[in-house]
Amino acid sequence: MMEKLLTKIDIQNECTYMTKGAQMPFCKGCGHTHILRKLDEALFRIKLNPEDICLVTDIGCIGLADYLFDKVHTVHTTHGRSTAFATGIALADKVLASKKLKTIVLIGDGGAMIGLLHIVNAALLNTDVTVLVADNFLFGMTGGQQSAFSPINFVTQTSPFGNIIPPLDLCKVAISSKAQFVARKISTDKDLVDVIAEAISFEGFSLVEILELCTEYAVEKNKLKGTDLPEIALEHGHQLGLLINEKLRPEFSKIYSEKFMDKPFEFNLFSQFLSTENVNLDQDKFQSKFGESQLEIIIAGSAGEKVQSSAALLCQSAALNGLFTTQKNDNPVTQGSGFSLSEVIISPQEIFYTGVDKPFAIIIVSNDGLNELRSQNYFEKITSDTILIFDESLNMPVLTSKMYKLPLRKSCGPDKAALGGIDFLLNLTQPFQIETFKNLIQKRFGSYENLYKEDILKYLN
Amino acid sequence: MQTSQRKIKLRNGNQMIAEGAIYAGCKFFAGYPITPASGIYKGMIDLLPQVGGLAIPSPDEISAIAYCVGASMRGIKSMTATSGPGWSLMIETVQYALITETPLVIVVVQRLGPATGGATQGAQGDILFTEFATSGGYTIPVLYPTNPRECFELTVKAFNWSEKLRTPVILLSDKEIGMTTETVDYSDLENLIVENREYIDPENSNFEDWKMYGFKDAKDIAKFAPVGGKIKVTATGSAHNMDGELKKNDPETISVLKHLEDKIQSHKDELIDYEYFENPNSNTLIISFGITGRTVREVIRRTKKMNKNVSSLIIRSLFPIPENLFKTISDKYNRIIIAEENLNGQYRRLIQYLFNNKEVIGVNKIGGMITPQEILEKI
């Protein structure tokens with residue numbers, strides 16, 4: 001019966017974090033046995049509190065380790081993802097919880113490749129995770145298939161004539177990912193305990209790739225002995241030993257905490273509401289003019305010319321008048337080029353359906369906008385009452401009885417042409433107290449009067 | 001005129017999900033950009049540092065959800081958000097959260113599929129895709145708001161149920177809800193109740209009987225112990241007994257696997273969330289959800305003026321399927337219209353067995369919101 005409380009374990013006297021009497025599940029001579037015993041020795045050397053250790057194991061033979069370590073937390077995960085789960089555990093602990101947890105990943109070479117990006121990102125983050133890669137050059141648990149770590153000419157179940165794909169140099173990948181502690185060791189190395197202990201103690205990401213032999217699938221087919229391992233590594237240009245050990249970058253939580261956590265948190269979700277205090281709410285005025293119908297206004301122009309933010313000011317001013325609004329924006333996926341379009345709906349009652357049925361007004365300030373309106377068939381929706389406000393540069397056929405050709409771009413400049421168009425529409429139709437819109441412009445741009453070089457409101461008549 | 005008392009902001013659904021998560025006590029978010037869900041990621045990046053939390057960019061959606069599961073195992077309320085293509089990548093890990101009974105909220109803001117589909121086009125095509133993502137057919141609670149205010153409310157609800165049931169919960173949304181900015185009334189949102197997972201206390205007299213995945217009956221949920229705490233955690237994505245030890249062909253292990261489903265089903269009446277408008281003279285009921293629910297509200301508004309009689313049931317808790325609610329309400333009607341923005345009526349095909357001897361009519365469409373007119377034509 002294992003101890004439920006890790007705090008009750010007296011590691012000073014128990015000498016081991018492993019389960020008493022548990023049998024190693026591995027084949028005779030398997031390097032996994034070495035690695036796990038060395039891990040236990042390393043943990044004992046550091047003498048961490050059992051509650052401050054979490055082993056995160058991957059799929060594969062090395063992932064059978066969980067039940068061998070009953071005096072630490074164990075999390076057995078999905079294939080290749082162990083480093084990602086460990087990253088989440090370590091980030092949460094170091095930034096948001098005890099800050100004491102040491103998170104150790106046990107993963108094979110198969111898992112290291114399918115989860116390579118998780119290793120890369122943990123290294124980039126420099127979160128406090130130690131990845132121990134048990135590299136036996138193949139997938140052992142599934143019958144000895146070749147892996148991305150198989151040496152050239154390596155014979156496996158799936159490379160019966162010898163592997164022809166070169167093996168990955170994981171340590172180089174880790175170093176390229178800005179890892180600061182990386183070592184490649186052999187499972188029988190006398191100093192393996194030292195290196196594992198140092199890796200775990202390292203504050204930040206560390207990785208130790210440990211070369212070993214799968215006695216079941218590698219030894220016989222390839223006529224290999226453990227003593228051949230250094231040579232195999234070197235033949236492929238894979239360096240052995242402690243490859244990097246530096247502390248130029250602090251562990252992730254140190255940087256994050258310094259930047260964000262060292263100040264009082266006074267954030268309040270329920271503040272900064274739109275101030276409706278000084279506004280004469282004008283729902284009734286709106287209703288007397290337009291009944292309960294919703295006003296659908298489309299504003300079309302070019303990306304980068306503040307079409308959508310101008311539409312947002314329209315919504316804000318309508319909302320300040322106690323009206324309901326919706327705003328949908330559309331632009332090409334590249335965001336910064338081509339058309340920019342906003343659909344605004346203003347209504348005295350809650351807006352349920354947010355699509356445009358019969359546009360009340362369309363404001364077009366550039367050719368990009370006009371072309372997009374055409375391609376999205378907006379003009380099929382207009383009625384004879386739809387107000388069309390467009391820049392003088394555009395070649396518009398007569399579509400409705402309410403067409404206004406204005407020097408918007410010339411008078412307001414390209415990036416305020418939409419604003420000018422909206423202002424004209426509001427002056428023309430007076431749907432609510434339009435002072436609020438002027439005030440917003442004033443607040444945003446300093447002055448309302450400066451919006452126009454040439455007064456376009458004279459075209460109202 | 002009530003307006004001056006209203007607490008109004010201009011917000012879209014994505015922003016309200018982020019704010020709802022903050023309100024619910026979420027302290028960890030991992031995200032990967034994807035339209036139309038990126039606004040939630042951005043919202044959490046802006047908000048979490050202001051409340052002592054951590055929002056982290058991740059290199060893909062698999063990492064995003066795995067980071068969240070890890071953080072939740074450490075005891076931190078966590079959320080991630082994505083759309084269909086990203087959800088595809090998360091399916092392995094959501095099953096891991098399910099079997100390890102790790103609380104987690106995943107937001108899926110739907111866009112047009114399949115594959116990359118249409119990034120900026122709305123859809124309701126992931127109803128089956130989100131719910132039936134587990135091997136073994138386990139029920140993941142799925143909530144689906146119709147507007148930004150409900151986004152806030154249901155995010156809180158999603159966290160509450162995920163914590164109480166120790167399970168992943170999916171919050172569905174769609175492009176039109178997520179990315180349309182609207183006037184949102186915050187009144188009473190600050191009164192929503194936030195619930196947290198129960199932690200096991202080693203001092204508790206019941207501690208000796210406690211097991212991380214133990215239960216006495218279907219409704220019973222084991223109290224939680226975090227990785228890094230005083231109590232040993234043994235977690236595994238493999239079939240396991242009540243102690244979390246990997247086992248196969250073991251009756252206790254099979255009972256744990258069954259309980260994963262039983263715990264959801266036995267709480268399903270408490271999860272129900274809906275809006276019912278009853279017209280006593282109607283023999284037609286429209287069932288809808290999400291963005292289409294808003295179209296139906298507009299339909300009801302118009303039919304009131306047209307002297308047409310029709311009732312509406314907008315369902316906000318899609319899964320577990322509220323069978324009793326559907327049966328009880330549909331009893332009064334002989335025509336059931338089910339409207340959803342997908343190819344062939346994903347939800348309709350799941351629930352129509354509940355409407356024996358009734359005329360069941362689907363209103364379906366892809367590539368754009370269902371219009372009021374399209375539903376009115378079927379009444």
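## Two chains and their interface

Chain A has a radius of gyration of 34 Å, whereas a compact globule of 461 residues would have one near 23 Å. The model is predicted. Along its principal axes, the C-alpha trace of chain A spans about 95 × 55 × 40 Å. The secondary structure of chain A comprises 16 helices and 15 strands.

Now chain B. Its secondary structure comes to 13 helices and 15 strands. The globule rule gives 21 Å for 379 residues, and chain B has a radius of gyration of 21 Å, so chain B is as compact as a globular protein of that length. Its C-alpha atoms fill a box of roughly 65 × 45 × 40 Å along the principal axes.

### Where the chains meet

How many residues of each chain are in contact with the other? On the chain A side there are 74, and on the chain B side 81. Together the two chains bury about 6300 Å². Carbon and sulfur atoms carry 64% of that area. In chain A, the residues that lose the most area to chain B are A:K4, A:F352 and A:Y353. These three together make up 13% of what that side buries.

Polar links cross the interface too. Between chain A and chain B, 29 residue pairs are in polar contact. Several elements of chain A each supply at least two residues to the side that touches chain B. Among them are the strands β2 (73-76) and β11 (324-330). The helices α3 (82-96), α5 (116-125), α10 (252-261), α11 (283-290) and α12 (307-320) are also on that list. α3(A) gives the most, with 10 residues. By class, the side of chain A that touches chain B has 37 nonpolar, 24 polar and 13 charged residues.

The count of salt bridges between the chains is four. One of them joins A:R81 and B:E92. The closest N and O atoms of that pair are 3.6 Å apart.

β2(A) runs parallel to strand β9 (residues 234-236) of chain B, and the pairing has three bridges. Within this pairing, A:V75 stands opposite B:A235 in β9(B).

### Backbone details in chain B

Most residues other than glycine have a negative phi, and most peptide bonds are trans.

| Cis peptide bond | Omega |
|---|---|
| B:G113 and B:P114 | about 0 degrees |
| B:F319 and B:P320 | about -5 degrees |

Where in chain B does B:P114 lie? B:P114 is found in the loop between β5 (104-110) and α5 (127-131). B:P320 lies in the loop between β13 (317-319) and α11 (323-330) of chain B.

The phi exception is B:R166. Its phi is near 45 degrees, a positive value in a residue other than glycine. B:R166 is in a loop as well, between α6 (148-165) and β7 (168-174) of chain B.

Conventions
Residues numbered from 1 in each chain as written. Chains lettered and ligands numbered in written order. Predicted model: local features only at pLDDT ≥ 70, side-chain atom pairs only at ≥ 80, totals over all residues. Heavy atoms only, no water. Contact = heavy atoms within 4.5 Å. Buried area = accessible area lost by both parts, 1.4 Å probe. Salt bridge = Lys/Arg side-chain N within 4 Å of Asp/Glu carboxyl O. Polar contact = N/O pair within 3.5 Å; in protein donor to acceptor, adjacent residues only side chain to side chain. Helix = DSSP H or I, 4+ residues; strand = E, 2+ residues; numbered from the N terminus. Nonpolar A, V, L, I, M, F, W, Y, C, P; charged D, E, K, R; others polar. Pairing = 2+ DSSP bridges. Rg over C-alpha atoms; globule rule 2.2 N^0.38 Å.
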